[in-house]
Amino acid sequence: MTPDFTQYLQGLESAADQGLFNSIRRGLEKETLRTTPAGDISQGQHPSTLGSTLTHPHITTDYAEALLEFITPVSSSRETTLEFLLDLHRFSLLRLNEQELLWPASMPCRLQGNESVRIAEYGSSNVGRMKHVYRRGLDSRYGRIMQSIAGLHYNVSFPDQLWPLLATLEGLPAEAADKDWRSARYFGLIRNFRRHSWLLMYLFGASPALDASFLDGNTRHPLQPLAENTWGEPTATSLRMSDLGYQNKIQASLNVCFNSLDNYITTLGQAIHTPHPEYEKMGVKVKGEYQQLNTNILQIENEYYSDIRPKRVTRSGQKPTEALQELGVEYIEVRCLDINPFLPGGIDVAQMHFLDAFLLFCLLENSPELTDADCRSIESNLKNTVNFGRDPAVQINGKPLQQEATVLLERLRPVCQLLDRGTPEEAHFCDALNQQQARVDDASLTPSARMLEMVRECDGHVPAVLELARAQREQLLANPINKAREDLFSELGQTSLRQQQELEAADTVDFDTYLQQYFAD
């Protein structure tokens, strides 16, 4: 018989006392635009002094040539993870061209139309060309401007020792906690995350406004003028996660299933192998130039956007769902977090404490399979929160958001108390919880409210974020980079450039053949 939530917590107390949850492992991926000193998107190439975007393990680009992506290694220390991320900022700031800045907000700087967002380049190797053509496909399908939005991904895996312990609490032998069982538990976490992720949008959403250039002349939108060249919604929390952000109507119709790993792989696989009429009209290779990788609903699996993903580290050339099918879920990737523009790293240790508690809650709480009605309710709650989350009248599941948020945070409290048992002299998790309750009690404390206030004070989105970018540059460079990390980043930069050259020299087939072989596999 499956224990209830309270029984799980009681059964885990001894392990928590012994520090089990101090071994939760996490990593961060943070995107940030390079901008000119005046707040325009950079037109410059990725600095070679940072290494190769194709092969560097920690400094790469996402969609755009100007959209840096910083990737930390996996660590059980939140402080080490954050310091590594901050040192990536310091290292990069010292090597940017012509006093460029790192844009500390999710919604982009000033753009000059679609073409001003340069598609990222990865060299002339087949794998590098594939990454570039994939991004050309995104341009053809969604436009480049949407791809200039930045976010922060929080990757988490629970300790290996936790799984057999959970199995025994359910009356199963410890060896029952195999890869399939773990995957099922991770998918239970994902379902609960989707049920409750509206709370994260309220607490951590930080994009209530955007520069007029993001709209690129579009007048069919629900936003209001908030300041000079600035549009937004006065009670919004995260326009990044709204219909104006990284969303797509064709993808919205996919109905990818999170009820089991097999269903997830099957529904995602169908999208990767099903042509779409609109994309067929575009063509794949037009006048000798690739416009997209193929005409399917998804060119590759990574095109599917979700606020959370099941993940596993892949071997070279291995597709994500192949890795999941072979060895099961290894960790989860939280993808719905805005960058906090008031923090140099976009996140702090207190938020990490809260996210870990939130994810453990989602793992331990009963998680029935999602019905179509559940999915509609989830989407409604998310839309209400990202668009109007600070409106006192907004509702979640038919009740006031503030009331529902307080109830959910109280359900999280015993999880925070459990996690705090690992450091009895500290109460980091309960402190983080109390910090979030304060934001529920007073919406003016949320990042979105603070951002909106600053936009109004500075008379615009770009002037406000530009002020933060300049201040954070000074703040980051006032604290010297860790010398060992600086040496590591320099060495990795040089090594990555050599690795890219080796890949380019090692290709034995032309690009057409390479793509045919890739998709045939």
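Modeller: Helix 17 (residues 447–458) packs against helix 18 (residues 461–478) at an angle of about 105 degrees, and their axes are 7 Å apart. That makes helix 17 roughly perpendicular to helix 18, a label for angles of 65 to 115 degrees. Helices here are DSSP runs of H or I, at least four residues, and strands are runs of E, at least two, numbered from the N terminus. Axes are lines fitted to C-alpha atoms, for helices over the stretch in contact, with angles from 0 to 180 degrees between N-to-C directions.

Colleague: Is this model predicted or what, and how is it numbered?

Modeller: It is a predicted model, where local features need pLDDT of at least 70 and side-chain atom pairs count only at pLDDT 80 or more, while totals for chains, interfaces and linings use all residues. Residues are numbered from 1 along each chain as its sequence is written, and side-chain values use heavy atoms, with hydrogens and water left out.

Colleague: Back to the helices: which residues in helix 17 and helix 18 meet?

Modeller: From helix 17, Met 451, Met 454, Val 455 and Cys 458 meet His 461, Pro 463, Ala 464, Val 465, Glu 467 and Leu 468 of helix 18; contact means heavy atoms within 4.5 Å. The residues of this contact divide into 8 nonpolar, 1 polar and 1 charged.

Colleague: New topic: how many residues has the largest nonpolar core?

Modeller: There are 155 residues in it, and Phe 21, Tyr 154, Phe 158 and Phe 354 have the most contacts inside. Helix 13 (residues 349–364) gives the most to this core, with 12 residues. Such a core is a set of buried Ala, Val, Leu, Ile, Met, Phe, Trp, Tyr and Cys residues joined through side-chain atoms within 4.5 Å. Buried means under 20% relative accessible area, exposed over 50%, and partly exposed in between (1.4 Å probe, protein chains only).

Colleague: And what is Phe 158 in contact with?

Modeller: Leaving aside neighbours within four places in sequence, Phe 158 touches Ile 24, Trp 163, Tyr 186, Leu 189, Leu 359, Leu 360 and Leu 363.

Colleague: What order do the strands take in the open sheet?

Modeller: The 3 strands have the order 6-8-7, with antiparallel pairing; strands pair if DSSP finds at least two bridges between them. Strand 6 (209–211) and strand 7 (224–227) each have a single partner strand, so one side of each lacks a neighbour in the sheet.

Colleague: Last one: is Lys 287 buried or exposed?

Modeller: Lys 287 is exposed, with a relative accessible area of 85%. Although Lys 287 is not a glycine, it has a positive phi of about 55 degrees.

Notes
Parallel < 35°, antiparallel > 145°, perpendicular 65-115°, else oblique. Nonpolar A, V, L, I, M, F, W, Y, C, P; charged D, E, K, R; others polar.
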